[in-house]
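Good morning, and thank you for the time.

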Amino acid sequence: MPDIVNAVMLRERRVLLVKRSAERRSYPGLWSFPGGHVEQGEDLDRALHRELGEEIGVVPMRYRALATLPDPHAPNVTYHPFAVTAWQGEPRILDDEHSELAWVDLDAAVRMPGLALESYRPLFAGLASNA
């Protein structure tokens, strides 16, 4: 499945990051966003809603597409991050795909070690400059 949606959840100049479980095949133990694979016949919007409900128990209410990010280690995989600025529910880990979550200041996120993709850094910088 080449398309993956990501929720870049934003609250008061902070972004929600989730640490991928050590058992994950891709990017184990690294920080990323809630989200996942777009299923057959599913659009990005529907996938975002489904994944957020399954992984962290929230329903996105206000969001917008940010960019498209290629995976540097899997050329056929494309990430579709969405800035999520309003949601119902409080984020909490509901599955075994992630081991922890943290709200991180956008400026600190730019310098944070252990990110799954380096392309997150300019994304954080752009969001910080517009916050």
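Leaving out residues up to four places away in sequence, E42 touches H37, A47 and R50, where contact means heavy atoms within 4.5 Å. This is a predicted model, in which local features need pLDDT of at least 70 and side-chain atom pairs count only at pLDDT 80 or more, while totals for chains, interfaces and linings use all residues. Residues are numbered from 1 along each chain as its sequence is written, and side-chain values use heavy atoms, with hydrogens and water left out.

E42 sits in the loop between β4 and α1. Helices (H or I, at least four residues) and strands (E, at least two) are DSSP runs, numbered from the N terminus. Is E42 buried or exposed? With a relative accessibility of 16%, E42 counts as buried; the class buried means under 20% relative accessible area, exposed over 50%, and partly exposed in between, with a 1.4 Å probe and protein chains only. The side chain of E42 makes a polar contact of 2.8 Å with the side chain of R50. A polar atom of the E42 side chain also lies 2.8 Å from the backbone nitrogen of E39. A polar contact here is a pair of N or O atoms within 3.5 Å; within protein, one must be able to donate a hydrogen and the other to accept it, and residues adjacent in sequence count only if both atoms are side-chain atoms.

Let me move on to the helix itself. Helix α1 covers residues 44-56, 13 residues, and reaches 18 Å from its first C-alpha to its last, close to the 18 Å expected at 1.5 Å a residue. That expected span is 1.5 Å times one less than the number of residues. At the start of α1, a side-chain oxygen of D43 comes to within 3.3 Å of the backbone nitrogen of D45. Just after the helix, G57 takes a positive phi of about 70 degrees. Within α1, the buried residues are A47, L48, R50, E51, L52, E55 and I56. Which elements cover them? The cover includes β1 (3-11), β2 (14-20), β4 (35-37), β5, β7 and β8.

Next, the cores. A nonpolar core is a set of buried Ala, Val, Leu, Ile, Met, Phe, Trp, Tyr and Cys residues joined through side-chain atoms within 4.5 Å. The largest has 24 residues, of which V15, L17, F33, Y120 and F124 touch the most other members. Two or more residues of this core come from each of β1, β2, β7, α2 (106-111) and α3 (120-130), and the largest share, five residues, comes from α3. Setting aside neighbours within four places in sequence, F124 is in contact with V15, L17, F33, L106, A109, V110 and L115. Apart from this core lies another, of 13 residues, among them V5, A7, L52 and V84.

Ring pairs also link F33, Y120 and F124 into a cluster. A search of the whole structure finds five aromatic pairs. Rings of Phe, Tyr and Trp (its six-membered ring) pair if their centres lie within 6.5 Å; planes under 30 degrees apart count as stacked, over 60 as edge-to-face and the rest as tilted. The centres of Y63 and F82 are 6.0 Å apart and their planes stand at 80 degrees, so this pair is edge-to-face. Y63 lies in strand β5 (residues 59-65) and F82 in strand β7 (residues 74-88), 19 residues apart, and the pair thus links distant parts of the chain. Y63 is partly exposed, at 25% relative accessible area, whereas F82, at 9%, counts as buried. W87 and W103 form a stacked pair, 6.0 Å centre to centre with 15 degrees between the planes. W87 is in β7 and W103 in β8 (residues 98-105), so this pair ties together parts 16 residues apart in sequence.

Two backbone angles deserve mention. Most residues other than glycine have a negative phi. E12, in the loop between β1 and β2, has a positive phi of about 50 degrees although it is not a glycine. Y27, in the loop between β2 and β3 (31-32), likewise has a positive phi, of about 55 degrees. E12 counts as exposed at 69% relative accessibility, whereas Y27 counts as buried at 14%.

Finally, confidence: pLDDT is the predictor's confidence in each residue, from 0 to 100. The protein chain has a mean pLDDT of 95, and 99% of its residues reach 70 or more.
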